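Q: Please take me through this structure one term at a time, and for each term set the value against the definition behind it.

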Amino acid sequence: MSENVNHKNIQWFPGHMARTLRVMEQEVRHVDVVLILLDARIPRSSLNPEIERITAGKPHLYLLNKADLADPDATAQWVRYFTRNGDACLAVNSKKRSGGVPVRKAIDEELAGLLARRAGKGMSGARIRVMLAGIPNVGKSTFINSFAGSARAKAEDRPGVTRGKQWVAVDGYDLLDMPGVLWKKFDSLETASNLAFIGSIKDDILDVESLAMSLADEMRRMHPDRLAERYKLSAEDLELEPYELLEQIGRRRGMLMSGGVVDTERAARVLVDEFRAAKMGRITLERP
Ligand SMILES: Nc1nc2c(ncn2[C@@H]2O[C@H](COP(=O)(O)OP(=O)(O)OP(=O)(O)O)[C@@H](O)[C@H]2O)c(=O)[nH]1
Ligand SMILES: [Mg+2]
């Protein structure tokens with residue numbers, strides 16, 4: 001991993017996230033189950049230790065969201081990893097309508113004991129309260145819309161869209177959408193970079209060229225063939241210093257400014273956007 005992204009610069013833990021964590025601590029007592037959304041491309045880096053702490057005593061299950069953007073083999077490995085550790089885990093694509101069907105089943109299985117007790121008391125009609133938790137931009141609101149089968153919660157392709165808690169009633173379930181939260185200190189530069197690569201950290205606080213240099217570096221380490229193919233890079237290009245590599249990517253795309261200078265900022269934007277849209281293929285950056 002290169003040193004281009006200084007994780008001290010990409011720490012993002014504004015006051016509203018600290019507040020959200022406090023709200024979650026309150027609300028978690030009143031829900032039956034928590035759905036912890038992880039990004040299937042970075043399941044480890046998207047596992048928020050604060051969310052783990054808050055939900056430890058509650059029935060919870062992990063959803064590897066955006067599985068359509070991740071490497072299917074890696075996703076299968078991660079599902080096995082969580083399941084072996086005794087946690088329910090499903091891969092999901094929340095862009096699909098009614099992507100919630102297998103999740104409903106998993107929730108009902110997770111809560112089998114509770115549901116049986118309720119039935120015993122003649123309360124089988126009671127609604128199931130479900131909290132959504134996860135890092136910014138992981139797809140919590142989109143998941144709710146998929147579960148509901150209609151647009152009920154605002155979702156956009158940037159972190160920090162959901163600003164406060166919101167209940168959404170769907171059939172027998174009450175879903176609690178929450179704003180995305182990060183945590184105070186990332187444990188490593190790799191975690192910080194991964195979160196930035198997938199767009200969980202507000203782009204305004206990132207230097208897009210540094211981010212793109214790190215991403216290019218990571219890509220040539222893990223998938224040199226895919227990077228080379230997408231940007232028509234030669235074997236020599238792949239050996240360039242990170243900034244020159246970014247320049248070369250821009251040059252190959254014809255992003256030249258006056259005097260033949262490469263518009264590296266534009267090249268950086270394109271590289272990051274294309275990675276996020278899986279234009280270099282379905283890539284998972286972490287293995288269990
Ligand atoms: N390809 C793909 N995109 C997804 C998936 N789920 C969500 N997205 C996209 O990811 C972006 C963020 O989705 P949101 O639902 O707003 O994410 P969020 O977790 O609610 O974000 P915050 O409210 O900011 O914390 C949107 O552009 C969604 O369309 C998925 O499973 N696959
Ligand atoms: Mg949201």
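A: Strand S1 (residues 33–39) and strand S2 (residues 60–65) are joined by six bridges and run parallel, and they count as a pair because the definition asks that DSSP find at least two bridges between two strands. One of these links sets Ile 36 against Tyr 62, its bridge partner in S2. The model is a predicted one, in which local features need pLDDT of at least 70 and side-chain atom pairs count only at pLDDT 80 or more, while totals for chains, interfaces and linings use all residues. Residues are numbered from 1 along each chain as its sequence is written, and chains are lettered from A and ligands numbered from 1 in the order in which they are written.

Q: What makes Tyr 62 a buried residue?
A: Tyr 62 has 25 other C-beta atoms within 10 Å, and a residue is called buried if 20 or more other C-beta atoms, placed from the backbone, lie within 10 Å of its own, exposed if 12 or fewer, and partly exposed in between. Tyr 62 is therefore buried. Its strand, S2, is mostly covered, with five of its six residues buried.

Q: Which residues does Tyr 62 touch, not counting those up to four places away in sequence?
A: Tyr 62 touches Ile 36, Leu 38, Phe 82, Asp 87 and Cys 89, where contact means that the C-beta atoms of two residues, placed from the backbone, lie within 7 Å. Leu 90, which is 28 residues from Tyr 62 in sequence, is 6.5 Å away in space, C-alpha to C-alpha.

Q: Why is Ala 148 called partly exposed?
A: Ala 148 has 19 other C-beta atoms within 10 Å, so it is partly exposed. Ala 148 lies in helix H6 and touches Val 168 and Val 170, leaving aside residues up to four places away in sequence. Leu 238, by contrast, stands 90 residues from Ala 148 in sequence and 46 Å from it in space, C-alpha to C-alpha.

Q: How do you know whether strand S6 is enclosed or in the open?
A: Four of the five residues of strand S6 (residues 173–177) are buried, so this strand is largely enclosed by the rest of the structure. Strand S4 (residues 128–134) pairs with S6 in the parallel sense over four bridges, and Ile 128 has Tyr 173 as its bridge partner in S6. Strand S5 (residues 166–170) is joined to S6 by five bridges and runs antiparallel to it, with Val 170 opposite Tyr 173 and Ala 169 opposite Asp 174. In the hairpin of S5 and S6, two residues lie between the strands, and Asp 171 takes a positive phi near 50°.

Q: Why is helix H5 said to lie largely in the open?
A: Of the nine residues of helix H5 (residues 112–120), the number buried is zero, so the helix lies largely in the open. Gly 122, which follows H5, has a positive phi, near 70°.

Q: What makes the radius of gyration of the protein chain agree with that of a compact globule?
A: The radius of gyration is taken over C-alpha atoms, and the globule rule is 2.2 Å times the number of residues to the power 0.38. With 288 residues the rule gives a value near 19 Å, and the protein chain has 21 Å, which agrees. Its C-alpha atoms fill a box of roughly 75 × 40 × 35 Å along the principal axes, and buried residues make up 41% of the 288.

Q: Which residues come nearest to ligand 1?
A: Among the 24 residues around ligand 1, Gly 139, Ala 155, Asp 157, Thr 162 and Gly 180 come nearest, and a residue counts as near if its C-beta atom, placed from the backbone, lies within 6 Å of the molecule. Helix H6 (residues 140–148) gives the largest share of this shell, three residues.
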